[in-house]
Amino acid sequence: MAIEIERKFLLANDGWRTGIERSEPIAQGYLVGAQALRDGTARASVRARLAGAQAWLNIKAARLGIERAEFEYPIPVDDARNLLATLCDGVLEKTRHHVRVDGVLFEVDEFEGDNRGLIVAEVELPAVDAPFPRPPWLGREVSALARYYNVNLIAHPYRQWSPAERAAEDAAC
C-alpha cells in the first residue's frame with residue numbers, strides 16, 4: 001500500500017516566488033468527493049487530475065492528518081477530460097509551482113476561480129518525523145484543517161471563508 005506523508009502550510013510572504021523551478025496548470029475533480037466523505041458513505045476520495053499532457057486517477061484515504069493511504073494511476077488525457085466534464089461535481093483549478101529548498105521539493109499551489117487568493121505549500125516527506133527546511137516564507141501549518149484539503153475546496157471554496165478561517169486561527173501551532 002502506498003502511503004503519502006504530506007504537510008501543508010500557508011505562506012508568510014511571496015519570497016518563494018524567486019525559487020520557482022517550474023509551474024504547471026492543474027485541473028482536478030472528484031468522483032467521490034466531500035459530501036460522501038462528510039456523510040460517512042465513502043472511505044476515500046477519488047480524483048481525476050489533468051496536468052498538461054498527463055492525467056491520473058487518484059484514490060486517497062478519507063482521514064485527517066499528514067499520513068494517509070494513497071494510490072495514483074496514469075490514465076489517458078481524453079479520459080481525464082471526459083471525467084472532469086461529465087462525472088465530477090466541480091473542477092478545481094490551480095497552478096502548481098515547484099520550489100526546491102536545500103534539496104527538498106515544496107509544491108506551492110496557487111488556486112483560481114472561487115478559490116483565488118488561496119496559496120498553500122505542501123511538502124511530501126519520507127517519514128512523519130522527517131526534518132525539512134523552514135524557509136522564511138513558510139507560514140502557519142494547516143495540515144490538520146480539513147477545509148484546506150482540495151476535496152473540500154469545491155463545496156466550500158475560499159471566497160466563502162470567514163477572515164478567521166482564512167487566517168487558520170484554529171490551527172494547532
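Start with the charged network: select K8, K94, R96, E107, D109 and E122, which are linked by salt bridges. The model is predicted, so keep in mind that side-chain atom pairs count only at pLDDT 80 or more. Side chains of opposite charge can pair when their charged atoms come close. Across the structure, the count of salt bridges comes to 16.

Select R81 and D78. Their side chains form a salt bridge with an N to O distance of 3.4 Å. Both residues belong to helix α2, residues 77–86. They are three residues apart there, which means a separation of about one helical turn. Colour the pair by accessibility: R81 is partly exposed, with a relative accessible area of 44%, and D78 is exposed, at 56%. The cut-off for exposed is over 50%.

Move to R17 and D14. Here, too, a salt bridge joins the side chains, at 3.7 Å from N to O. R17 has 34% relative accessibility and therefore counts as partly exposed. D14, at 48%, also falls in the partly exposed class.

Then select E24 and R22. Their side chains meet in a salt bridge of 3.7 Å, N to O. R22 is partly exposed, its relative accessible area being 46%.

Now hide the charged side chains and turn to the nonpolar ones. In soluble globular proteins, nonpolar side chains tend to be buried together. The largest nonpolar core in this model has 16 residues. Select F106, F132, W137 and L138, the residues with the most contacts inside this core. Next, show the strands β1 (3–11), β6 (91–101), β7 (104–111) and β8 (119–124), the elements that each give two or more residues to the core. Which of the elements supplies the largest share of this core? That is β8, with three residues.

Centre the view on W137 and display its surroundings. Leaving out residues up to four places away in sequence, W137 touches L10, L11, A12, N13, G15, W16, V99, V101, F106 and A121. One of these contacts, F106, is also listed with W137 among the residues with the most contacts inside the largest core.

For the last stop, select L10, V120, V142 and L153. These are among the 13 residues of another nonpolar core, which lies apart from the largest one.

Notes:
Residues are numbered from 1 along each chain as its sequence is written. This is a predicted model: local features need pLDDT of at least 70, side-chain atom pairs count only at pLDDT 80 or more; totals for chains, interfaces and linings use all residues. Side-chain values use heavy atoms; hydrogens and water are left out. A nonpolar core is a set of buried Ala, Val, Leu, Ile, Met, Phe, Trp, Tyr and Cys residues joined through side-chain atoms within 4.5 Å. Buried means under 20% relative accessible area, exposed over 50%, partly exposed in between (1.4 Å probe, protein chains only). Helices (H or I, at least four residues) and strands (E, at least two) are DSSP runs, numbered from the N terminus. Contact means heavy atoms within 4.5 Å. A salt bridge is a side-chain nitrogen of Lys or Arg within 4 Å of a carboxyl oxygen of Asp or Glu.
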